[in-house]
Amino acid sequence: MKKMLTGLQPSGVITLGNYLGAIKKMVENQEKYDSYIFIADLHAITVTQDPVELRKNIKNLIALYLACGIDPNKNKIYIQSENEYHANVSWLLECNTYYGELSRMTQFKDKSLKHTNFSAGLLTYPVLMAADILIYDVDIVPVGKDQKQHLELARDIAIRFNKKYGETFKIPEPVISFDGNEFLVKDLQNPSIKMSKSSENKKGVIMLLEDADSIRKKIMSATTDSEMSVHFDPKNKPGISNLIHIYSSITNKTYDEIKDEFKGKNYGEFKKCVADEVIRVVSEIQEKYNKIINSDEIDKILDEGRDYTRKIAKEKYELLKEKMGLGR
Ligand code: AMP
Ligand code: TRP
């Protein structure tokens, strides 16, 4: 079985876009791959974090992923900082990575331009990410567009290391992107941009932990058009097409089936059905979330994930030390 690994930044909020675009696919993929999912808290601290918030976000995010259907029996679930070998391996890889490579990374250039004072961690961030991946000899790393360059660097580092010290790392397959060519969930108020947690106008964004009334209001006031016809045409009808996409992702109905279902009906009736479906899915997730967040299940899962991955990571770290001539 091929190995798949996903790192998640503990950012605190998850949108309906994240759920339909990425988490639902992870739930499908857990059947097909030997899956590793971890919270990248060491990556989070490359920019300033409030310690109390950070710790809360880590736990909330794990609870939310479990509530969304990530199965602890089918995934290794762990926190990056609880496995100290990630940082140890990262140092060894840093010494096999060029400053020039890191300073050319788009994310580093963007983030470092925004601040006059930024941490050295912001520069070495992609090497830690390479360590996260290479430690486990992972085959597949599904990432969004913004992380593509980092994954390519991880491949370069692995290839270089293998050449210099002999076969040590499996080279991960080139990027599969969840963003793909698929239709992204768009902002409800401005369907020309994607639904994103960082949007200014919160009326266009649905959060997974949002209450039902608020979700209904947002969907009922979503931007549409004056044509009064429910059919998929993202170019001319971006608002309605977005709602069709959301409805289709949840119900697994095709665009044609949805068109037939709402023939002759008005947008209000259609929006009501979309809202009902979104609320149904979101409240199921919230119910599970509320159960999990106050149980000791999360600690058990994380202990297991930590112990399992630490063993593998320790072996890899010892192998690297051996190859590089470190220690006795
Ligand atoms: P982000 O929250 O932007 O870091 O995205 C995390 C993952 O969620 C990405 O890999 C995307 O594939 C997915 N994602 C984020 N926003 C959307 C969206 N509006 N529609 C579909 N997928 C999304
Ligand atoms: N850098 C990734 C992000 O911001 C998170 C991440 C850290 C990651 N390590 C990883 C993703 C390893 C995939 C593989 O989204």
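Me: Is Met228 buried, partly exposed or exposed?

Reply: This is a predicted model, in which local features need pLDDT of at least 70, side-chain atom pairs count only at pLDDT 80 or more, and totals for chains, interfaces and linings use all residues. Residues are numbered from 1 along each chain as its sequence is written, chains are lettered from A and ligands numbered from 1 in the order in which they are written, and side-chain values use heavy atoms, with hydrogens and water left out. Buried means under 20% relative accessible area, exposed over 50%, and partly exposed in between (1.4 Å probe, protein chains only). The relative accessible area of Met228 is 49%, so Met228 is partly exposed.

Me: Where does Met228 sit, and what is its phi?

Reply: Helices (H or I, at least four residues) and strands (E, at least two) are DSSP runs, numbered from the N terminus. Met228 belongs to the loop between helix 9 (212-220) and helix 10 (238-251). Met228 is not a glycine, yet its phi is positive, at about 60°.

Me: What phi does Asp137 have, and in which loop does it lie?

Reply: Asp137 is a residue other than glycine with a positive phi, near 50°. Its relative accessibility is 26%, so Asp137 counts as partly exposed. The loop that holds Asp137 runs between helix 7 (120-134) and helix 8 (148-165).

Me: How many residues of strand 2 are buried?

Reply: Asp34, Tyr36 and Phe38 point one way from strand 2, while Ser35, Ile37 and Ile39 point the other way. Residues on both sides are buried. Strand 2 is largely enclosed by the rest of the structure, because the buried count is 6 of the 6 residues.

Me: Which residues stand opposite Thr6, Leu5 and Ser35?

Reply: Thr6 faces Ile37 in strand 2. Leu5 faces Tyr36 in strand 2.

Me: Which residues outside its sequence neighbourhood are in contact with Thr309?

Reply: Thr309 is part of helix 13 (residues 297-324). Its relative accessible area is 0%, so Thr309 is buried. Contact means heavy atoms within 4.5 Å. Leaving aside neighbours within four places in sequence, the contacts of Thr309 are Tyr36, Lys76, Tyr78, Asn83 and Tyr136.

Me: What is the distance from the side chain of Thr309 to the backbone oxygen of Arg306?

Reply: A polar contact is a pair of N or O atoms within 3.5 Å; within protein, one must be able to donate a hydrogen and the other to accept it, and residues adjacent in sequence count only if both atoms are side-chain atoms. A polar atom of the Thr309 side chain meets the backbone oxygen of Arg306 at 3.3 Å.

Me: Which backbone oxygen does the side chain of His43 reach?

Reply: His43 is in helix 2 (residues 41-44). Its relative accessibility is 4%, so His43 counts as buried. At 3.1 Å, its side chain reaches the backbone oxygen of Tyr125.

Me: How far are side-chain N or O atoms of Gln9, Gln147 and Tyr125 from ligand 2?

Reply: A residue is near a molecule or strand if one of its heavy atoms lies within 4 Å of it. Ligand 2 is surrounded by 13 residues, the closest being Gln9, His43, Tyr125, Asp132 and Gln147. Gln9 is 3.2 Å from an oxygen atom of ligand 2, and Gln147 is 3.0 Å from a nitrogen atom of ligand 2. For Tyr125, the distance to a nitrogen atom of ligand 2 is 2.8 Å.

Technical notes
Two strands pair if DSSP finds at least two bridges between them.
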